[in-house]
Amino acid sequence: MNLKIKVKNLELKPYVQFLQSLELKGKASRGRSKIAKALDERNMEYLKDVESIQKEYFKTNENGELVADKEGSLTPKDETSIEKAQKSMEELQNESSVIDLTSSPEQVEAFVKEMDNYDKEFSNAEATTYDEIMSKFEE
């Protein structure tokens, strides 16, 4: 079992939400919590990177806050800003991080074992997320 999983930035939030929706007990629940916490911490870093990109390409006020119009859309700095921001955001979303779970091997192993025998059914999207997460531990 792999205790260092590679996750793309765009996968972070859906993985955390999926993990938080599971009904688990004991060591498996603690393993889930450790995994979700590690993913959530990386997601917070990702969100800071998103804001940095936004501030690079969109106008800010004197307090450094992003400026939005009446509809809530950000105001580009120039006519090429939106295209450049979209390219930067796409690159950022597809960047991968290694989530190191080696500090909690017993809990993570209990989680994976419990998930292999999980008796609740998943919807289409949940089933896909389940498969993706479990595959990360098998790589």
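Reader: Which residues is L39 in contact with, leaving aside its neighbours within four places in sequence?

Author: This is a predicted model, where local features need pLDDT of at least 70, side-chain atom pairs count only at pLDDT 80 or more, and totals for chains, interfaces and linings use all residues. Residues are numbered from 1 along each chain as its sequence is written, and side-chain values use heavy atoms, with hydrogens and water left out. Taking contact as heavy atoms within 4.5 Å, the partners of L39 are V7, L12, Y15, V16, L19 and I99.

Reader: Which residues touch the most other members of the largest nonpolar core?

Author: A nonpolar core is a set of buried (under 20% relative accessible area, 1.4 Å probe, protein chains only) Ala, Val, Leu, Ile, Met, Phe, Trp, Tyr and Cys residues joined through side-chain atoms within 4.5 Å. The largest one has 32 residues, and those touching the most other members are L19, L39, F111 and F137.

Reader: And which element gives the largest share of this core?

Author: Helices here are DSSP runs of H or I, at least four residues, and strands are runs of E, at least two, numbered from the N terminus. Among the elements giving two or more residues are strand 1 (4-8), helix 1 (9-21) and helix 2 (26-57). The largest share is eight residues, from helix 2.

Reader: What pattern does the protein follow along the sequence?

Author: There are five helices and two strands. Read in order, they go β-α-α-α-β-α-α.

Reader: How much of the protein do buried residues make up?

Author: Out of 139 residues, the buried share is 35%.

Technical notes. Buried means under 20% relative accessible area, exposed over 50%, partly exposed in between (1.4 Å probe, protein chains only).
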